Amino acid sequence: MPIKSADLTASSVTDTTRHVVQEFLAARMAGDVERLVALFADDVDWLLAENPAVPWIRPRSTGAECAAQFTELAEHTVAEDARASVDTFLVDGTDAVLMGYLSGTVRATGKPFEGPFALRLTVEEGRITRHHLYENSVAIAEACTPS
């Protein structure tokens, strides 16, 4: 069966999405905020449930604000205790979904948090335009709350 040009285009879009998400993960692991800013679009559909108890969780909409979240997270958590594993990495066209498990310790309280996560990213024109993170926000809020 011959490959149609539409199939090549869809494959190319999926390949671009996979590449950008892999770059995002590498920049995230390296703490390369400058690279993260470049990977995010100027305007980003950011979703992470607001949680007043958690200082790094707040609304964001620009590439710079989105990248800053990773710096803020690092400021408020113990780097040596930070863990994240990706069990699933699905890509379809412009959309990618990563699922896994994360854990860490809040610096101010010394309390740990952990739980599963799902991250939906959308890549358009080589940049991340959507970042929706679903995580165990209750455990994180409890870890941020002093005893």
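The exercises below work through strands, core and ring pairs in a predicted model.

Residues are numbered from 1 along each chain as its sequence is written, and side-chain values use heavy atoms, with hydrogens and water left out. As the model is predicted, local features need pLDDT of at least 70 and side-chain atom pairs count only at pLDDT 80 or more, while totals for chains, interfaces and linings use all residues.

**Exercise 1.** Find how strand β4 is paired with strands β3 and β5.

*Solution.* Strands are DSSP runs of E with at least two residues, and helices are runs of H or I with at least four, each numbered from the N terminus; two strands pair if DSSP finds at least two bridges between them. Begin with β3 (residues 95-105) and β4 (residues 112-124), which are antiparallel and share 11 bridges; one example is valine 97, whose bridge partner in β4 is arginine 120. Then look at the hairpin of these two strands, where 6 residues lie between them and glycine 110 has a positive phi near 75°. Next, follow β4 to β5 (residues 127-135), an antiparallel partner joined to β4 by 8 bridges, with leucine 121 opposite histidine 131 in β5. The hairpin of β4 and β5 has 2 residues between the strands, and there glutamate 125 takes a positive phi near 55°.

**Exercise 2.** Which residues touch the most other members of the largest nonpolar core?

*Solution.* A nonpolar core is a set of buried Ala, Val, Leu, Ile, Met, Phe, Trp, Tyr and Cys residues joined through side-chain atoms within 4.5 Å, where buried means under 20% relative accessible area (1.4 Å probe, protein chains only). This core has 34 residues, and those that touch the most other members are Phe24, Phe40, Trp56 and Ile128. Among the elements that give two or more residues to this core are α1 (5-30), β1 (40-47) and α3 (63-76).

**Exercise 3.** Describe the aromatic pair of phenylalanine 24 and phenylalanine 40, and explain what the pair ties together.

*Solution.* Rings of Phe, Tyr and Trp (its six-membered ring) pair if their centres lie within 6.5 Å, and planes under 30 degrees apart count as stacked, over 60 as edge-to-face and the rest as tilted. Here the centres are 6.0 Å apart with 80° between the planes, and the pair is edge-to-face. Because phenylalanine 24 lies in helix α1 and phenylalanine 40 in strand β1, the pair ties together parts that are 16 residues apart in sequence. Phenylalanine 24 is buried, with a relative accessible area of 3%, and phenylalanine 40 is buried at 0%.

Definitions and conventions:
Buried means under 20% relative accessible area, exposed over 50%, partly exposed in between (1.4 Å probe, protein chains only).
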